[in-house]
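This report looks at two chains of one model.

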Amino acid sequence: MSNLANGMELRQSFWRKNIALLLFLPAFLLTVGILAPFGYSVVMSFTNFNLTTGTSDFIGIGNYVKLIRDPEFWNSLKVTILFTIGAVAFEVGVGFIAAYLLNLGLVGQKLWRTLFLLPVMLPPTVAAIMWKLMMAPIQGVFNYLLQLVGLPGSEWLGSSSTALLSVILIDAYVFIPFAGMIFLAGVQNLPKEPYEAAAVDGVSNWFTFRKLTIPLLKPVIIIVLLFRIMDCLKHFDIIYAATKGGPASATMTLSVQSYYHSFRWTAMGYSFAHLVVLWAIVYVLSYFLVGQWKKAVSEVHGY
Amino acid sequence: MNRERFSVVKIVSIVGLILLMLWTAFPLYWVFNMSIQTPLDVISYPPKFVFDATLENYSVVLLGKAWLGKYETVQTDFPRYFLNSLIVCFGAVALSMLVGVPAAYSLARYRFRGKENFAFTLLSFRFAPGLIVILPLFVIFRRLGIYGTYHGMVLAYQLITLPFSVWLMRGFFEDIPMELEHAARIDGYSWWGIFRKVDLPLVAPGIAATAILSFIFAWNEFLFGYILSSDVTRPVTPSLMGFISYEQVLWGQMAAAAIITLLPSLILAIFIQRYLVRGLTFGAVKG
Amino acid sequence: MVELELRNVTKKYGNLVAVKDLSFKTKKGELIVLLGPPGAGKSSTLKMVAGIEDVTSGSILMDGQVVNHFDPAERDVAMAFETYALYPHLSVFENIAFPLRSPKRAHAFSEELVRKKVLEVAQFLEIDMLLERKPKELSGGQRQRVSLARCLIREPKVFLLDEPIAHLDAKLRHRLRRELKKWQEERGTTTLYTTTDYLEAFSVGDRIVVLNRGILEQMGTWEEIYSHPASHFVGMIVSDPPMNYLDARIVAKDTEIVLDVKGSLFKLPANVQAKIRAMNLQEVIMGIFPSKIVPFAAETLPSSGTVIDGVVKFVELRGSRKIAFVSTDRNFTFTIQLSGEESVRAGDRMRYFFGEEAIQVFDRQSQRNVIYLG
Amino acid sequence: MAEVRVEHVWKFYREEAGAAQRVEAVKDATFRCEDKEFLCLLGPSGCGKTSTLRMIAGLEKISRGDIYIGGRRVNDLPPKDRMLAMSFESYALYPPLSVYDNIAFPLRARKYPESKIKEKIAIVADLLDISDILNFKPARLSGGEQQRVSLARALVREDAQITLMDEPISHLDAQLKAKLRIDLKRIQREWGLTVIYVTHDQLEALSMADKVVVMNLGEIQQVGSPEDLYERPRNLFVAGFIGEPPMNFLDCTFVEEGTQGYLKFHEFSFPLPPELTQAMRRENGKEKWVLGIRPGDIVLGAKVGDGYSMKGLVYSVEPLGESSIVTLEVNGQKIFAELAGSSEEEEGNVVVFSFHKEKAHIFNASTGKSIKE
């Protein structure tokens, strides 16, 4: 019996020890597959790689130096940051109010919640096209409705002064439900008893809100900020579909600009430089925010 | 809170809710409106809320039949784009589930070096700008001769579906208490028996939700499809850009194409509404 | 029928030591109870014997064969989990039948044999009317019995029962305590049974292992443990209300050794005196079980033992028994257990007696009972 | 001062489902808790005891009937205006706040000066010996510590007229429960608190309460002192629920020979005193009856004084240290006897056992009511 057991047990232990890695290998290979182009971008950002001429000789940090001196780059950076701050602030604000409204237990609440979540499931490009149709200066329905109410119509995507705001509005249409749904889930996951204790302790709603609800919701708030900031920084779909970065670079974010550099002006090396800078910003910010999230979670659980 | 103050808050809330619902529903309603208006009505001013509807735009976009006095066949690529989307999305989801589910199980159940940094690397892909991977793929795929092919796109789409599948499935596996596996091992089941009889049945709804959510994200993707596909294999979402560039006037058809493109995402979303919050946050917030 | 032995078994979770150098051996078919408060290492020990937790050091033997690296399935053990561990997607019937359908045993059990055995164990645990329900429709007590049924349906080498009847209501707990003992005796399966309730341990265990923070405090029959608790901790855990403890000093009075507690002297049995003299202890702790102190009505003082007078500060009613908290004239307090009949109120002056053999002496430094020292 | 009157209170859940489907969690509950009294709501889970407590606290709406605290009708008052403090079964501590801030939370809401708060917390912390964990967060505390913090937060509220406690020590291990039972009783007595305490553990009720309200399926079964419930249970439920190990119930029939009434249990018949015979005759004697005997009241050996005795087979002997439980089998029915010290009886012996006449409880099997009602 024992040698059979040893035999079986030897084969068994190989399988038992390495099962974790065997299950894990395919995903690991695929991830390496994704990392390879990643590396390629970083390496090529140090060359003057050009799509048409096919040249790709090493020019050190040439692209980055050119970048610093290029006013277009600084404009794109400004636009990207303004877009992110505007969109995230608007979405988080309205999202919080929406979560409150959808948690009041009004009649038909389940229907409102289902309807409320639909926009986040729209393909962003489709949302951009929908709003582009509605924001048309003449035939657009928005101007018609504003005029009905006695307000002046707007150029919306057509003028460089209002284009960025319009694009933020479209982004908000799609992603307000993102923030709203997650805040709603956060509110619903709050433990019930501490609030009953606060009610019995005769504590005012504002005091409970400030001292109990906000700290408990902090992890959820950080999660929404993390996902929305990252998405907005690298955003391409809505802006490209709605304005292609125009008019006059008013909505030209870094992503869109790097697209143009590589395809319209075939300066791939320079385009990679843009992307590496954007990626660096994103990586640092996400690392910081994930750290904040871990701290907030441990604080809520009280370690 | 006395009687009056309570009702004021209630009224303001109801008004707020109505505004929120209008903000959400009006765009969908309006674009649907445009999609069933005749080319004349669609560009008329003031915009028409009441009109005699027509399925003209859908017949042109979907069937390639236009009414010019009598039915003429008109060249339309939309059905092909729609099919491309189905092929690429099913392919991408299948691959990332095939590869992602076992990896998620091993992340949830076993301890090994480098586990957490692998998970974070996957997460960081989600946050990285898409172009930083797409542009190199554009160059590499052309060299490998798989540019614009379905399997090329299925591989590229892994950047969207794989990180998502692994993180979400890991959450679902971690929801199964370890005691259940211990109990099954004591009851005399091997690893495979436990995975088949205990883990899979319990995680089945999770697998379905992850697959559907991955499908929706792949379906909604624009950039990958726009750059890495040839005209033959272009998915439907990127194809919408075609409407904007040259046939500026055909708004009705563009609205119809938009409605058809968004329908699959919306319908599927309603099925997995329960898991949506969990999906959107990679499992960090349980809905 | 297997002899289970643990040799210097230690279990560490990171730097937390759950079980420390635990060694004991069971006879064939014996029911050993692991008694201890939560966190004493009871469950960890069971999980190591089951093979679902690996042993940090030391070895586990079945009939003399080391099974450390054997897989749970190969050890042929059956376990009832404290957290039930029921399969949520299976009905109660399927949960109980699950072990019989495992690859190892599927061939041995035809469908109607499985049905017969499931019905038998379900009737024994009074859950035969729940067989088609799903676990989430059951109460805590019902789920616990399903988990127990899944374990008892097998004829394993060892039963591992982790607080199997802790969440049942009083009536059912009393009935099952006895029925489980009879069920185990009939099948003669070696069993490890954990509990935090010493009454359950005494009534079910052939022998009892008292665990405290992963360390074996004492092993023995309930008589050995109750008459000579090996340490301060054991004295506290095997009596409710807990044993009375008083710091005492050793005083040699002519040829005899006596205990001095704040000036009052207590005589000791001969064997205890011999031990103390041999180990020349100075600082000790005197322990007396509340149930060993009885009301004393007679006028004349008894020859041996001790009589104390005191005022009842507080009375706690326990149905058929009463617990009196008496502060004696020598300013230390005793808890005393009285049968239901005595009518006693707070404030009454009472006289109590306990014999010499009732006194346990613990070395204050090691907290061990002196009779086990040396 | 601070007494609580509950008068004909009902609680319905899913009221909108109409009278047929609505769930009647509490049915016509009426009882009083005097000032400085320790009242205990006792019953199995789902008997309505927690709903009743939550109605007093204002956390649940009162479907019907009235509740008065300190003479004031509180039905429409929100919890904070009812001047009461509460300790929760799940402790309900504020996760992000330290122990100190948890206890200070209600006081800061009432704008107490920090110095006064510090002083009050010191007293309560010392009393419940949690002084050394004041700066910990709840998640790091053991069950026992969390329980004492939840208790401290309730006790620190001097302004509270009533202190409500919902199963405060049910999740703790045996040793800690014993210690906290004594501490709670001592604090209640020394501070003169009026306490309403909910539990499913009859031992807690017997050992701590001045008055016990036993509930089952939403209805009050009996209200009385622990001794009342133990000595004079009004019905089968109370008799079975109070007392550990539980009371034995023997199915008997009532037989009359001439003027002397007997209670027959298989071949044993017990002569009844005249007043009981009349009482049973009035309830048309052919009804089925239940004879209740507490295991602690059974003595091995022949008749003692004017008691009843029976013969049975020893089914099993259970040593319990200071006492032992001998299970006797009479015609298939198992009867438990709790005897002092360890018993020498062997399984299989046939023994005679008996119990005193006053210790016999007689219930009408169909109505469940005790004959002595």
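## Chain A: overall make-up

Read from the N terminus, the elements of chain A run α-α-α-α-α-α-α-α-α-α-α-α. That comes to 12 helices and zero strands. Helices (H or I, at least four residues) and strands (E, at least two) are DSSP runs, numbered from the N terminus.

The model is predicted: local features need pLDDT of at least 70, side-chain atom pairs count only at pLDDT 80 or more, and totals for chains, interfaces and linings use all residues. Residues are numbered from 1 along each chain as its sequence is written, while chains are lettered from A and ligands numbered from 1 in the order in which they are written.

Chain A has a radius of gyration of 26 Å, well over the 19 Å that the globule rule gives for 303 residues, so it is more spread out than a compact globule. The radius is taken over C-alpha atoms, and the rule is 2.2 Å times the number of residues to the power 0.38.

| Property of chain A | Value |
|---|---|
| Box of C-alpha atoms, along the principal axes | roughly 85 × 70 × 30 Å |
| Residues that count as buried | 45% of 303 residues |
| Contacts with a separation of 6 or more that join residues 24 or more positions apart | 71% |

A residue is buried if 20 or more other C-beta atoms lie within 10 Å of its own. Two residues are in contact if their C-beta atoms lie within 7 Å. In both cases the C-beta atoms are placed from the backbone.

Helix α5 of chain A (residues 124-134) is mostly covered, with 11 of its 11 residues buried. Among them are W131(A) and K132(A).

## A helix pair in chain A

Helices α9 (residues 205-233) and α12 (residues 268-301) of chain A pack at about 170°, their axes 8 Å apart. α9(A) and α12(A) are therefore roughly antiparallel (angles over 145 degrees). Axes are lines fitted to C-alpha atoms, for helices over the stretch in contact, and angles run from 0 to 180 degrees between N-to-C directions. The contact includes L226(A) of α9(A) and W293(A) of α12(A). By class it has 20 nonpolar, two polar and one charged residues.

## A sheet in chain D

Chain D has an open sheet of six strands, ordered β6-β7-β8-β3-β9-β10, with mixed pairing. Strands pair if DSSP finds at least two bridges between them. β6 (84-87) and β10 (219-224) of chain D stand at the edges, each with a single partner strand, so one side of each lacks a neighbour in the sheet. β9(D) (residues 211-216) and β10(D) pair in the antiparallel sense over five bridges. V212(D) stands opposite G224(D) in β10(D).

Note on methods. Buried ≥ 20, exposed ≤ 12 C-beta atoms within 10 Å, placed from the backbone. Parallel < 35°, antiparallel > 145°, perpendicular 65-115°, else oblique. Nonpolar A, V, L, I, M, F, W, Y, C, P; charged D, E, K, R; others polar.
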